[in-house]
Amino acid sequence: GAEVQFTSGTEDEMTWIGYINKDTDPGAAYLFDRKTKETSFLYRPRPNLPVDHLVQMQPASFTSSDGLEIPSYLTMPKTKEKSNLPAVIMPHGGPWARDYWGYNSYAQFLANRGYVVFMPNFRGSIGYGKSFQNAGNLQWGEKMQDDLTWGAKYLIEAGIADPDRIAILGGSYGGYATLAGLTFTPDLYACGVDYVGVSSLFTFMETFPPYWELYREMMYEMVGHPEKDKELLSSASPLLHVDNIKVPLFIAQGANDPRVKKSESDQIVKALTDNGVDVPYMVKDDEGHGFYNEENRYDFYREMGVFLDKYLKN
């Protein structure tokens, strides 16, 4: 019921450090001696975490708008009720990455507070073959977003989620998907949490860091060219359609983010405020693309929990 990963070894490959983890345990490191076949415990990274409160992550799948099967992970809370629950759709970042089975701090944090957590590996995700990954090309805000929308519908049709209490939450590309979800399917979600999410695909293309230059042509092929695909990028940029957002949105932004400029989040906050939408805005001056300072992470989790409770638990 656990996974073993060998993280490093000696040059002669006779001594290895292995890491064992599972969905209900963040894991422990062990030393393995190939000569003696002996394993010795090294350390646990989170020894004080009360693992008795953690819940299992289940594999799931559903069919998207065009018939493509979307592999996913479902984490159910330890509640007496198992149907009609508040739920959080949680798309991963990347987007050329994927969610894995195992311990996930976001999923456990939310499930511990009574939420269903659904993590679809939408098209474009890695690990499911080249055709599945390439199915995400030029599909930001389109079929990639459909995969999340149909994931929410799957939870509703299965009787798991209350259709009036579904949120979408994500960081980086997941933050983009949050903004796109609230913009392009404004009646589906009760609220959203955008954590350092891309809001304009034009700015995203314009602000490549120097070490990304080798990938520029590949990005044009996978996301879209700012000139050749101008109409596509415009239609898929939430910042250009922000007036469609009707529900509360919590935004977390690093002031020094090189990928998602603070000015983009500022514009969204101003537009939503002018439209009378509740938009709590957390800016950390000592952060970039993601929060790494421990106190800042505490602040984010705490305020995110308060925000979701307010709009998903009445």
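# Note on pockets, helices and aromatic pairs

1. The second largest pocket has a volume of about 540 Å³. A pocket here is an open set of points on a 1 Å grid over the protein atoms alone, where a 1.4 Å probe fits, with protein on both sides within 12 Å along at least five of seven lines; lining residues have an atom within 4 Å of a point. Volume is the space filled by probe spheres set on the points, which are joined across faces, edges and corners. The model is predicted: local features need pLDDT of at least 70 and side-chain atom pairs count only at pLDDT 80 or more, whereas totals for chains, interfaces and linings use all residues. Residues are numbered from 1 along each chain as its sequence is written, and side-chain values use heavy atoms, with hydrogens and water left out.

2. Sixteen residues, that is 16, line the second largest pocket, and Arg46, Leu49, Tyr103, Ser105 and Tyr301 lie nearest its centre. Helix 1 and helix 9 each contribute at least two residues to this lining (helices, H or I of at least four residues, and strands, E of at least two, are DSSP runs numbered from the N terminus). Helix 9 gives the largest share, five residues. By class, the lining of the second largest pocket comprises seven nonpolar, four polar and five charged residues; Ala, Val, Leu, Ile, Met, Phe, Trp, Tyr, Cys and Pro count as nonpolar, Asp, Glu, Lys and Arg as charged, and the others, Gly among them, as polar.

3. The largest pocket has a volume of about 680 Å³. Its lining consists of 34 residues, with Gly93, Asp99, Asn104, Ser105 and Tyr106 nearest the centre. At least two lining residues come from each of strand 2 (15-22), helix 1 (105-112), strand 9 (161-171) and helix 9 (294-312). The lining of the largest pocket divides into 18 nonpolar, twelve polar and four charged residues.

4. Helix 1 is mostly covered, six of its eight residues being buried (buried is under 20% relative accessible area, exposed over 50%, partly exposed in between, with a 1.4 Å probe and protein chains only). The buried residues of helix 1 are Tyr106, Ala107, Gln108, Phe109, Leu110 and Ala111. They pack against strand 6, strand 7, strand 8, strand 9, strand 10 and helix 9.

5. Met144, Gln145, Asp147, Leu148, Thr149, Gly151, Ala152 and Leu155 are the buried residues of helix 3. Their cover includes strand 5 (57-63), strand 6 (69-75), strand 7 (85-89), strand 8 (116-120), strand 9 and helix 4 (173-184). Just after helix 3, Gly159 adopts a positive phi of about 80°.

6. There are 25 aromatic pairs in the structure (ring centres of Phe, Tyr and Trp, the last by its six-membered ring, within 6.5 Å; planes under 30 degrees apart are stacked, over 60 edge-to-face, the rest tilted). Phe62 and Tyr154 form a stacked pair, 5.9 Å centre to centre with 25° between the planes. Because Phe62 lies in strand 5 and Tyr154 in helix 3, the pair ties together parts 92 residues apart in sequence. Phe62 is buried at 5% relative accessibility, whereas Tyr154 is partly exposed at 25%.

7. Phe250 and Phe300 also form a stacked aromatic pair, 6.0 Å centre to centre and with 20° between the planes. Phe250 belongs to strand 11 (residues 249-254) and Phe300 to helix 9, so the pair ties together parts 50 residues apart in sequence. Phe250 is buried, with a relative accessible area of 3%, and Phe300 is buried, with 2%. Both belong to one aromatic cluster formed by Tyr106, Phe109, Tyr195, Phe250, Phe291, Phe300, Tyr301, Phe307 and Tyr311.

8. Pro91 lies in the loop between strand 7 and helix 1 and counts as buried at 3% relative accessibility. Beyond its neighbours within four places in sequence, Pro91 contacts Phe122, Leu148, Ile168, Leu169, Gly170, Gly174 and Ala177 (contact means heavy atoms within 4.5 Å). Pro91 and Gly171, 80 residues apart in sequence, are 8.1 Å apart in space, C-alpha to C-alpha.

9. Ser199 sits in the loop between strand 10 (191-195) and helix 5 (201-206) and is buried at 2% relative accessibility. Not counting residues up to four places away in sequence, Ser199 touches Leu179, Ser237, Pro238, Leu239, Glu264 and Ile268.
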